[in-house]
Amino acid sequence: MENGSSILYQIKFRKVLFYFLIPILLYLFIVILPLCTAFYYSLNMTTNFTLVWNGLDNYVKILSDDIFWLSLKNNIFIMIFAIITQLVPAFIIMVMISTGYVFKSKFVQSVFFFPCVISAIVVSYLWQIMYDNQTGVFNTLLRLVGLESLQQNWLADPKIVMTSICIPLAWQFIGYYLVILLSGMSAIDKEILEVAEIDGATGLKKSVYIILPLMKNTISVVMLLSVTGSIKIFDQVFAMTGGGPGYASNVLGMYSYIVSFKQANYGYGSAISISMLIISLLLIGVMSLIKKAVSRND
Amino acid sequence: MKNLKLTAGLLALVLAGTMTLSSCGGNSNAAGSAGGDNENNGGEKVKLTFACTWVEEEMRDQTYPLDIVNKYAQDNNIELSIDPYNSSDYQNTVFKTMAAAKNLPEIFLINSMDMKSSVKGGLLYDLTSYLDEDTAWADSFLPGLFVETTFDDKIYGVPYQFITNECVYFNKNILSELGYETVPAEWAEFLELCEKAKNAGYIPIALGDKDGWPLYSNLAEILCEYLCGPEWVAAIGGYTDQASYDDPKFISVLTTIKDLNDKGYFNEDMVSIDNNTQDKAYFYNEKAAMILGGSYTLTGLVTDCPEELIPSLGVAPTPRPAGAIDSVKAGIFTGGSGWEVAVNAENTQKQADAAVGIAKAMTGQEYARNDVEVGRIPVIKMENVGEYDASKIPVLQDDMNKLISQAPSMTLMNQQQSGAAMSEILYKKLQEIIIGQTTPEQAAKDIQAVYEEECKTMQ
């Protein structure tokens, strides 16, 4: 009887597997094939729109490419900024919503989520207008209140251009992480929170000692999304600064675009893209190790 | 169970269909590059796809390029399919992607910066015989225009427009207020004008350099002519080792621009605003005394200018900088085509003939007449243009034409001889100098390093 049901299971499984073949092929075609093509290109030099094999030379070139490392530095800046300005506020708002202290209204929750449904390009161009030196909202307000000395060249000053780019990122994606955290929060048994409140853990103590540990997995997911999103960022930089002034706001995605298209060097541009993938995988690996270490301590 | 199988089967079919459709998607018009694939084997109509930057919505009422080529195609049994792209997208991504994929259409516009790479990549049809056979057509062009499209004595492109890159548009009222009738021809006096404008609360020179090319094209290039000399310009564009970017003369070009910036003569946000509308805003609001541009700036400047400001618009050549080479006199321009019509190397004879016919239509009398009437400089000599409606010519065009005709010399825009990689590094390093992240000496070194790499493949 057991053997019979096992055989039946295998037959059914094979049938189901057949139907999964199509999505698997789709995945191979859309994700894996372009990746392999990019890796092949990265082993070539592009000369006069023609690929010429040069092995790992492009990757060796990356090691001494100052612009690559500057771009990576900017990506890391975005990553840290995103964690501080997206995840932390998202967590705080999530706690406020789920504990019912404030933002109980569904409308208010929708307002937080609304920015992330707007196209990144549209958001970027809107903020570019707001940052305008003459007519932008920020400098105009500063002039109106008599604080002309605090006016900035928001997108022209290399010292603050990265912060200027990160602010709309924070504005746009707080809601996205908030939704994920809320769904994670909904999986926590309400009785645990009630018991914690009875025991006197309220407010900050409940958030830090009860909610945060219970949401470890969800938080690691949002951190992963934030980190990988920061490495592959492109739209906002393209729209607001184009990587400028100079290379001050250049990021890896933008650099890959400039090299591949503006310089028509697909080989080296692909090498930069593959390097982005490697860096993302390394960061994910590091985060996994940290998560395991934290779990072990628990 | 049966229903589940049916549902799963249908879903699988839908997915398979989606995958098939997505792989076959894309513009079928842009796929015709292989030999006779697009030719009607019946032998009558020739099918051509033309990739261009003529987006009808952006052309306003200046759709004559499209009208003329469509009419030519209709009259000459050509089935022409126009593939329009935004100019910036086309130059930065579309053309290069098509070229890399060896998937260019039968006829297309090409930027001069991509000419050399395309010729060396074997992508362009040799058009020399067409010009040799039709001498009347060849002789109708302004002298020297084919320099940008000629390699090893073979011609690979037909210029269809003529632009000059450097001039200074100014507000006559503001200059008059400061005691000037026009922009001074020599640098010392020009700097005095800038200082007076700054002290009077104006921005001396407005420019939007977010894209990088305006500062180089509208200023650095002409300074190269003055300070480095035409021989240096020609040598550097030929990727020879007879000129280098770490030459003190080129460093003086970068230093001159840095000096203007350090003195506060540019708008503070120059590197973050574009040169389409944002820099013009300073000019239209009469906050800026001058704005840099080329001959191509004129039409848009006049069209978008507030009506009350139009009478006070003026144009002058870029001033001659201190330290300029003696033989290079004040008032010169650099000019050239910038964009050409090219034909796919894989075309059949019939397709090439038809494509050249379209190129002739774009460089003919009717096209030139329209150019003149909208304020553009035609590629053919004025005596070949014939009659045109002078009342349609925009304000300032006569002034511009006079300046060009009185120019002591007109040399080829040197950036057109550079490849895309060189142009990119030149633009970026200039921006870095403006924001204080590098010095002219270091920038010159960095540019030279890229140039030496490019020389290995571009010679």
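A salt bridge is taken here as a side-chain nitrogen of Lys or Arg within 4 Å of a carboxyl oxygen of Asp or Glu. All views are drawn from a predicted model.

**View 1. The interface between chain B and chain A**. Contacts link 45 residues of chain B with 36 residues of chain A. About 3400 Å² is buried between the two chains, and carbon and sulfur atoms give 61% of this area. The number of salt bridges between chain B and chain A is 0, although 12 are found over all chains in a search of the whole structure.

View 2. Side chains of opposite charge can pair when their charged atoms come close.

**View 3. Backbone at B:Asn77**. This residue, which is not glycine, has a positive phi near 60°. B:Asn77 is placed in the loop between helix 2 and strand 2 (78-84) of chain B.

**View 4. A negative surface patch on chain B**. The patch consists of B:Glu56, B:Glu57, B:Glu58, B:Asp67, B:Asp89 and B:Glu366. One of these residues, B:Glu56, belongs to the loop that runs between strand 1 (46-52) and helix 2 (64-75) of chain B.

**View 5. A cis peptide bond in chain A**. The bond joins A:Gly244 and A:Pro245, with omega at about 0°. A:Pro245 lies in the loop between helix 11 (235-240) and helix 12 (252-262) of chain A.

Definitions and conventions. Residues are numbered from 1 along each chain as its sequence is written. Chains are lettered from A and ligands numbered from 1 in the order in which they are written. This is a predicted model: local features need pLDDT of at least 70, side-chain atom pairs count only at pLDDT 80 or more; totals for chains, interfaces and linings use all residues. Side-chain values use heavy atoms; hydrogens and water are left out. Patches are made of residues with over 30% relative accessible area and no salt bridge: like charges are joined within 9 Å, nonpolar side chains (Val, Leu, Ile, Met, Phe, Trp, Tyr) within 5 Å. Accessible areas come from the Shrake-Rupley method with a 1.4 Å probe; for residues, only the protein chains shown count as cover. Lys and Arg count as positive and Asp and Glu as negative; His and the chain ends are not counted. The place of a charge is taken as NZ of Lys, CZ of Arg, CG of Asp or CD of Glu. Helices (H or I, at least four residues) and strands (E, at least two) are DSSP runs, numbered from the N terminus. Contact means heavy atoms within 4.5 Å. Buried area is the accessible area (1.4 Å probe) that two parts lose on being put together, summed over both.
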